[in-house]
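Have the model open as you read.

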Amino acid sequence: MLTGKQKRHLRALAHHLQPVFQVGKGGMNENLVRHVEEAIEKRELLKISVLNNSIEDPKEVGTWLAEEAKAELVQVIGKTIVLYKESKDYKTIVLP
């Protein structure tokens with residue numbers, strides 16, 4: 001579980017990131033989860049956008065992805081999701 005201070009720090013770091021993945025009309029699937037798990041191991045902090053043509057609710061997508069990828073849901077704002085997971089091999093982010 002992340003504290004409020006840690007989430008605030010991660011939101012500040014994620015502000016300048018571009019979304020790495022997009023959830024479209026294909027919705028949520030295991031293939032997306034596998035790619036998110038691989039990318040979050042390398043980057044630790046990941047931004048995902050939910051496209052307008054998606055029928056999924058961004059909050060549901062964020063919660064589902066966080067559970068499936070065993071990551072922390074930092075923020076869902078509009079159609080943008082921010083996830084964090086501490087990397088085993090590529091640790092770069094130091095939490096306050």
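Which residue in E4 is the bridge partner of Ile-48? It's Ile-81. Before going further, bear in mind that this is a predicted model, with local features needing pLDDT of at least 70, side-chain atom pairs counting only at pLDDT 80 or more, and totals for chains, interfaces and linings using all residues. Residues are numbered from 1 along each chain as its sequence is written, and side-chain values use heavy atoms, leaving out hydrogens and water.

E2 and E4 run antiparallel and are joined by 5 bridges; helices (H or I, at least four residues) and strands (E, at least two) are DSSP runs, numbered from the N terminus. The open sheet has 4 strands in the order E1-E2-E4-E3, with mixed pairing (two strands pair if DSSP finds at least two bridges between them). At the edges you'll find E1 and E3 (72-77), each pairing on one side only. On average, neighbouring strands are turned by 25° against each other, direction ignored.

Now for the helices. H1 (residues 4-14) packs on the sheet and touches E2, E3 and E4, its direction making about 60° with that of E3. Here contact means heavy atoms within 4.5 Å, axes are lines fitted to C-alpha atoms (for helices over the stretch in contact), and angles run from 0 to 180 degrees between N-to-C directions. H2 lies across E1, E2 and E4, running at about 145° to E2.

H2 (residues 30-43) also meets H3 (residues 58-69): their axes come within 10 Å and cross at roughly 65°. From H2, the contact uses Glu-30, Leu-32, Val-33, Val-36 and Glu-37, while H3 brings Trp-64, Leu-65, Glu-68 and Ala-69.

What about the inside? In soluble globular proteins, nonpolar side chains tend to be buried together. The largest nonpolar core here has 17 residues, and Phe-21, Val-36, Leu-46, Ile-48, Leu-65 and Leu-83 are those with the most contacts inside it. A nonpolar core is a set of buried Ala, Val, Leu, Ile, Met, Phe, Trp, Tyr and Cys residues joined through side-chain atoms within 4.5 Å, and buried means under 20% relative accessible area (1.4 Å probe, protein chains only). E1 (21-23), H2, E2 (45-50), H3 and E4 (80-84) each supply at least two residues of this core, and H2 gives the largest share, 5 residues. Apart from it lies another core, of 8 residues, including Leu-10, Val-82, Tyr-84 and Ile-93.

Definitions and conventions:
Buried < 20%, exposed > 50% of the residue type's maximum accessible area, 1.4 Å probe, protein only.
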